[in-house]
Every structure is written in structure tokens, then in C-alpha cells.
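Subject: Structure handover

Hello,

Please find the structure below. My notes on it follow.

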Amino acid sequence: MPKDKRLLSQRSRNPAKSGINSVPIISGPDIDQTLVRIAGDIISCHASSKEKDSLVLIGIHRRGVPLAKRLKAIIGKKIKRELPLGTLDITLYRDDLDTVGHLPIVKNTDIPVDLTDKSVVLVDDVLFTGRTIRSALNELAEFGRTRRIQLAVLIDRGHRELPICADYVGKTVQTKSDEIIMVRLKETDGTDEVIIANKPHSKEAK
Amino acid sequence: MPINRIQKKRSNMTDKKFTWTQKHLLGLENLSAQEITHILDTAESFKEISTRNIKKVPTLRGKVVVNMFVEPSTRTKMSFSLAAKRLSADIVDFSPSTSSLSKGETLKDTARNIEAMGIDIAIIRHTAPGTPHMLSRIIDASVINAGDGAHEHPTQGLLDIFTMREQKGRIKGLKVAVVGDIMHSRVARSNIWGLTKLGAEVIAVGPPTLIPQEIQDMGVKIAYDIDKVIPEVDVINILRIQLERQRSKFFPTVREYARLFGINSERLKRAKKDVMIMHPGPINRGVEITPDVADGTHSVILRQVTNGLSVRMAVLYLVSGQPKAEEIE
């Protein structure tokens, strides 16, 4: 309840403070609910015990990592087993390193098991152009020949530039390409919420 | 209030607090503590690549790296080659004995000619201090110093510091003894610059003829008796006695040096239990270090070599990020 109150006050404060028009899409408790639903879908897709054995969750840095951790906890509770959890940093596989200028920070990739014959569920916060996922797929191929790779995202915001789609989607949101979807999680940002906002250049209007 | 936090987070997303802006790696002297830490952190992320089945990432695909080693080397040259290959760069080796340098071409002309073939990164080792700096002013490619005379050997310094941080969990407050021929050692100089910037305490130990007094200005303590230093330090970084540079007799005999400064298991009995023994290689067994210590439990000498790969991958990655200088037309 108090969380909702905070969200409300935030909504009223935002435009006044900065001129950025930001609207919440998913509130804190709903993120967890959404994850519970995705977890359920993942479990029903891995019905047999053999399939459950082959299941590996891999979070893409940054916010895919805490999301994957939460999914692991939810699924683990439901099926009573500890799933292997990996993290993936796709920086070294980006297709725009030549044009980004100063290079992004490389974070840790940690794939704890050989992925040969595993059923991998990649986890990320927002699916947008699909380029991150393309990079992730290339990188995963170096860790063995997986039986299958699926994709779980909290938000699908459209505007794909590659033929990629997600298997598990928390929420599909219609966006303009210059809008920003911000997923904020307790682990990385201190609070749980998803916000849609205009690009900061709207400041000039102010 | 919350919106301010959002904006702050957003700016973090674009500049992530710190951005690497150096085009070259010429030495640790001109790097800030933050820049050194950034290289170490990046190297930490690159460690994992060497544990994969397929030890290769596509990051530097299409980039050309040239190894210009105008002074002999096995470790460093191989390490750089392997690091470049793991990043998918094309690497060309250049060796002075089979090159036009032996026909009298100047290094400047050689470098310009090599660059005309389109290279992105030049890794250079040379006997003359400052050669990489000179090269960085005349060619457009990024220049990495792989050792210039007795001046600096930044990647060795970085991998030493990386190994200390990996094993000890910190650099700040560490007591590090650098033992041996400080005067002729570029490894010592790079270690000293890096370690003092990150807050470690460095003690230079060796015969007075091999320790220049000026290093005290770099914030280094000087000691002439290794046995007094051993009990108080966390790390002993042992330098190679450069027999090829010993013609002018800085100490009477190699045997005397071994007796006074050689690190052996007898001496180590008075050391801290978790003391760490390092050596940049190549080792003169029985001179500056005895075989039982070099191969003993305190030794991280081979760990250093392994880490060198991650550090050099990080350096190649970071310097390659520079947008080509537009002002040079």
C-alpha cells in the first residue's frame, strides 16, 4: 500500500520537477507477479524431469542479472531444485563498438556449466532492437551446443531491427522509438518499477 | 526527489562514472589511480575468456596489431600475440634481424611504412627509453609500450599489481619489497609508479650501486639489508639480475649477490606466513631466487604469466576504443 502512495506522488511530482513526462508502466509488486507468471510458463514448458534437469537461466548485464536471480528463486521454490544461473556481458560481441567512441565497461561473464544439450533461458529487462540478443546468442554459442535457447523479458517495447522475438514476455508496451523505458530494480536501483519517459531533450522546451 | 534519482541513474548509464580516454599506453607514470584501477577491473572481466572452451571473442575483428620488438622477448611478445588473437585481431610480427632496420632504415621510417599498410595498434619494445612516446607522436595508430630501455614496462607493472590485488584482495596499505637491480629495471619503475599511486608502500632493496637515490622522490623507501625487510612485507617482487648489463660491475660477483640478496627458503623463514613471491621472469635460478622458492608454495610466478594475458587483453581493448584523431589531417 505505501508503495502505491509513493508511486502516485512520484507521478504528480515528475512533470513539475523536470519537464520530463514519465509514466509508470509496472509498479513494484506487479513486477514480482509478472515474474511469477513467467516462471510458471517456463516450468510448464519444461514439463518432464529431464527437461527440468537441462534448464539453465542466464541473465544479461545489467538488469537481466537480478531478474534471472529472482526467476531462479521462484522456480526453485516451485520445483524444489536449484537451477544453474549464469551471467552474460555482451559488450565484447556488440556490433557497434567501432562507432560508440569510448568503450563501455566490460562486466563479468560467468557461465557455471557446460551448455551442451542444455535448455537455456536468456533473461533481460527490455527487448528493443534485438541487437543485444543477437550478441548474446553469438556469445552463448562459444559455451557449447545448446539444445535450445529461449528468451524471457520483462518488457517488449517493439522496434525490432533483427528477426528476434521473446518466448516469455512480462508486458508488451507500445512505444515511440525515441521514448525511454526504464526498468529499475531493488538490486541495482534501490526500488522496483518500470517507467516510460521522453528523451531528456524535452528539457529544452522548458 | 525520485526524478532526480532517475536523471542521475541515466547519466550513469551513459558515462558510467568513468570513461577511459587514453589512446596509448606509454607508462604508468602518466596514468591516474582511477585509470589504473579501470584497467585492472577490465582485466578482471577478461579473465573468464581464457577459461572457455573457445577462447576467443570477436571484439577486435578486422583490427591489425603489429608487434615491433626491437629487443628480445619471449613472454611479453607471446602474451601480446595471444591476447590480440583472443580478441580476434590480426597480428603481424616484426623482428629487427630480418627487417630493413638491419639495412639502415630508421625506426621512424620503418614505423611509417608499417602504418601505411593500415595498422591500428603498435606494440613496441626498444632499448632506448622514450621510443614509444616518440612513435606515438609520429603515427596515428595506438602505441603500447612493451618495455623501453630501463624506463617503463607498463603491462608488466599492471599484471604484477593485478596479481597482488587478486591474491591479497587490496593494494592500499600493502607493503611491497622490490628486490634487486632497481637501476636498470623498467619493471621496478612501472611497479613503483603504479603501486604508490594505488596507496601501497614500496621498499626498494638491493646493493647501493643498483639503487638510484632519486627513487625516494617517487615515494619509495630504500633498504640495503634484505633480512631486515623480509619480516615486514606482504609481497616480495624479485627482479632479474640482468647479467647482460653487468659488465661494468655493480657488485663483485654473482655469487656474492646471491648470498646477500638472493631469496632462499632460509631467508623466508622469517617472512610473514602469507608472503607472496613474484618475479617478472626470466628467472636466473640460484642467483636472485633459489629453485625451491621459485617453485614453492609462496610463489605466484606462473600466475603472473596467466594474468598477463588478461591484462594485455584489457589494454588492447581499451586503447582500441579511441575515435581516430580527427585533428590530424
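In chain B, strand E1 (residues 64–69) and strand E2 (residues 90–94) pair in the parallel sense over five bridges. Helices (H or I, at least four residues) and strands (E, at least two) are DSSP runs, numbered from the N terminus. Two strands pair if DSSP finds at least two bridges between them. Within this pairing, Met68(B) stands opposite Phe94(B) of E2(B).

Before the rest, some conventions. This is a predicted model: local features need pLDDT of at least 70, side-chain atom pairs count only at pLDDT 80 or more, and totals for chains, interfaces and linings use all residues. Residues are numbered from 1 along each chain as its sequence is written, while chains are lettered from A and ligands numbered from 1 in the order in which they are written.

The sheet of chain B

E1(B) is also joined to strand E3 (residues 121–126) of chain B, by five bridges, and these two run parallel. Here Asn67(B) has Ile123(B) of E3(B) as its bridge partner. E3(B) in turn runs parallel to E4(B), again with five bridges, and His126(B) is partnered by Asp148(B) in E4(B). Together the four strands form an open sheet with parallel pairing, in the order E2-E1-E3-E4 (chain B). E2 and E4 of chain B are at the edges with a single partner strand each, so each has one side without a neighbour in the sheet. On average, neighbouring strands of this sheet are turned by 15 degrees against each other, direction ignored. Axes are lines fitted to C-alpha atoms, for helices over the stretch in contact, and angles run from 0 to 180 degrees between N-to-C directions.

Five of the six residues of E1(B) are buried, so this strand is largely enclosed by the rest of the structure. A residue is buried if 20 or more other C-beta atoms lie within 10 Å of its own, with C-beta atoms placed from the backbone.

Helix H3 (residues 75–86) of chain B makes a right-handed β-α-β unit with E1(B) and E2(B); right-handed means that, with the strands pointing away from the viewer, the path from the first strand over the helix to the second runs clockwise. Helix H5 (residues 131–138) of chain B lies across E3 and E4 of chain B, at about 165 degrees to E4(B). Residues are in contact if their C-beta atoms, placed from the backbone, lie within 7 Å.

The domains of chain B

Chain B is assigned domain 1 (15–151 + 308–320) and domain 2 (154–306); such bounds come from an automatic or database domain assignment. The C-alpha centres of these two domains of chain B lie 25 Å apart. Their contact takes 22 residues from domain 1 of chain B and 21 residues from domain 2 of chain B.

The sheet of chain A

Chain A has an open sheet of five strands with parallel pairing, in the order E3-E2-E4-E5-E6 (chain A). Its edge strands, strand E3 (85–88) and strand E6 (168–172) of chain A, each pair on one side only. Neighbouring strands of this sheet are turned by 25 degrees against each other on average, direction ignored. Strand E2 (residues 55–60) of chain A runs parallel to E3(A), joined by four bridges, and Gly59(A) stands opposite Thr87(A) in E3(A).

Regards

Note on methods: Contact = placed C-beta atoms within 7 Å. Buried ≥ 20, exposed ≤ 12 C-beta atoms within 10 Å, placed from the backbone.
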